[in-house]
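The following exercises are to be worked with the sequence and the coordinates at hand. Each task is followed by a stepwise solution.

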Amino acid sequence: MKSCIKHIMIVFVALGFAVSAQAQWNSGNINVRFSVPEIAIVDIEPELGYIEFSVNAPYIAGGEPVVEHVSSESVWINYTSAIRRNGNRRSINAQISEGTIPDGISFYVEASFASAFGSINQGSPVGRVQITSQPHPIITGIGSCFTGDGVGKGHELKYFLEISDFSQMKSIEDQVFTVLYTITDN
């Protein structure tokens, strides 16, 4: 009986190999299609509403008026950029879009180097730039990248208000102007 069981096991094992040797492997495929659009988004964080300066009387008679930066919050510019294949790098430009800067006053912005958040290919600051009604680049060389979103991410913006020609200054109430930031192809 042991011999019969042994022969039956050998037959089952042999049949198992024969079945697996004759098994067919089948495969299929599918095409995957997707697109990545051009992306150019810029944002200012936090949404403060105002950066505030005041021009105050001098401390002594005959002294120059004192410009004081009243607001102390950090302001950051965040952006996301996806450029076309073989496309140009981008820049962020700043300009006065609404209102005017009073005569005798100059307004400047300076972007810091990018924070450690985000991806590579972030842009480089150009230094301190005077802002007028014409667009001026403040960050250049932006490739396909992202800076991260929120305060402490992207580039910190520092603002400066200076008296450029005191003889042109006039006493005024609150003066408001708007700085527009735009990400553009070079």
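The model is a predicted one.

**Exercise 1.** Determine the accessible surface of the protein and the share of carbon and sulfur atoms in it.

*Solution.* The accessible surface amounts to about 13,000 Å². Carbon and sulfur atoms contribute 55% of this surface. As for burial, 26% of the 186 residues are buried.

**Exercise 2.** Describe the secondary structure and state which share of the contacts with a separation of 6 or more joins residues 24 or more positions apart.

*Solution.* First, the protein contains one helix and 12 strands. Next, the order along the sequence is α-β-β-β-β-β-β-β-β-β-β-β-β. Finally, of the contacts with a separation of 6 or more, 76% are between residues 24 or more positions apart.

**Exercise 3.** Is Asn-93 buried or exposed, and which side chain makes a polar contact with its side chain?

*Solution.* Asn-93 lies in strand E5, which covers residues 90–98. Its relative accessible area is 15%; because buried means under 20%, Asn-93 is classed as buried. Setting aside residues up to four places away in sequence, Asn-93 touches Pro-135, His-136, Pro-137, Leu-180, Tyr-181, Thr-182 and Thr-184. With Thr-184 there is a polar contact between the two side chains, at 3.3 Å.

Key. Residues numbered from 1 in each chain as written. Predicted model: local features only at pLDDT ≥ 70, side-chain atom pairs only at ≥ 80, totals over all residues. Heavy atoms only, no water. Helix = DSSP H or I, 4+ residues; strand = E, 2+ residues; numbered from the N terminus. Buried < 20%, exposed > 50% of the residue type's maximum accessible area, 1.4 Å probe, protein only. Contact = heavy atoms within 4.5 Å. Areas by Shrake-Rupley, 256 points an atom, 1.4 Å probe, with all protein chains shown as cover. Polar contact = N/O pair within 3.5 Å; in protein donor to acceptor, adjacent residues only side chain to side chain.
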